[in-house]
Amino acid sequence: MSESAPSLRRVKNGVGMVFAGLVLLMLLTFGMLAVTGYPGESILGTEWAPLLLPLAGLFLAMQIVGQLQCLSVPPESRARWPLGVSLMLTLAAVPLSLLVLLPNPPRWADLLPSLASNAAHVAFLLFLRRLAAYIGEGDLEIRAERVLTCWVLLFFLPYLILLGLLAFPLVTTAVVTALFLVFLVFPLIVLILYVNLILDLFHALRRHEDARLAKEKQVKAGWVDQPPW
C-alpha cells in the first residue's frame, strides 16, 4: 500500500469537516439575513451578536481543522498549494475582521475580511477541482469549475448591478426589485451548490477508499494480483 491511502483517508475526514462547517455557515447566513437584511452585513454591535458570533467562531474553527487535515493530500495531485493559500487567507480573515472594533475603524475595515474570505473559498475550490481530477472524478471536476465561476461572479455581482443602474438610471421599480432579489438569492444558490459539491466529493473519496479496501481483501485472499498502491 502506498502512502496515498492513509493520506486520502485524512483528506476525506478533512473534507467532511469542511462540509459540516459550511452547513453551519448556511445556518449562520440565514441568521444574518434575518437580523441585518443582508447576509454579508456585519452582526457586530447587534443584539444577536452574542448568539451568532460563537457560531461564526465554530465555523471558522471547523474550516481550519478540516483544511489542515486536507493538507495530507498527495503532492502528485498538485492540490496542496491552492489549499495552503486558502488556509492562510482563512487565518488572515480573523485579525482583519477585528478591525471594525477599533475606536476609529478605517472605511475599508469591512471590506478586507470579505476579500480574504472570498479569496480563500476561491482557492479552496481550486483545491477541490484538482482533488477531483486526482481521484478520477471528471464530473466533480467540471462542477468545481462551474461553482468556482459562480463564486467569482458572486464577488463582482454588486458592482455589476451598480454599473447597470448607473448606465440605465431610468429603470423601473420592477427591474430594481428583480435586481435586489437576485442580489439576495444568488449568494444562497451559490452556497448551496458549493456545499453540495463538497458533500459529493466526500462520498467520492469514501467510494475510492472502499474500492481500495475491497481490492486489498481480494489480494490477501489470492483472488487478484497485487494492486499498484
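Buried denotes a relative accessible area under 20%, exposed over 50% and partly exposed in between (1.4 Å probe, protein chains only). The model is predicted: local features need pLDDT of at least 70, side-chain atom pairs count only at pLDDT 80 or more, and totals for chains, interfaces and linings use all residues. Residues are numbered from 1 along each chain as its sequence is written, and side-chain values use heavy atoms, with hydrogens and water left out.

**View 1. Salt bridge between Arg9 and Glu209.** Five salt bridges (a side-chain nitrogen of Lys or Arg within 4 Å of a carboxyl oxygen of Asp or Glu) are found in the whole structure. In the one between Arg9 and Glu209, the closest N and O atoms are 2.8 Å apart. Arg9 belongs to helix α1 (residues 4-36) and Glu209 to helix α6 (residues 173-220), so the pair ties together parts that are 200 residues apart in sequence. Helices are DSSP runs (H or I, at least four residues), numbered from the N terminus. Arg9 is partly exposed at 30% relative accessibility, whereas Glu209 is buried at 12%.

**View 2. Network of Arg9, Lys12 and Glu209.** Salt bridges link these three residues in a network. Between Glu209 and Lys12, the closest N and O atoms lie 3.0 Å apart. This pair links helix α6 with helix α1 across 197 residues. Lys12 is buried, with 13% relative accessibility.

**View 3. Salt bridge between Asp200 and Arg143.** The N to O distance in this pair is 2.7 Å. Asp200 lies in helix α6 and Arg143 in helix α5 (residues 138-167), so parts 57 residues apart in sequence are tied together. Asp200 is partly exposed at 23% relative accessibility, and Arg143 is partly exposed at 25%.

How values were computed
Helix = DSSP H or I, 4+ residues; strand = E, 2+ residues; numbered from the N terminus.
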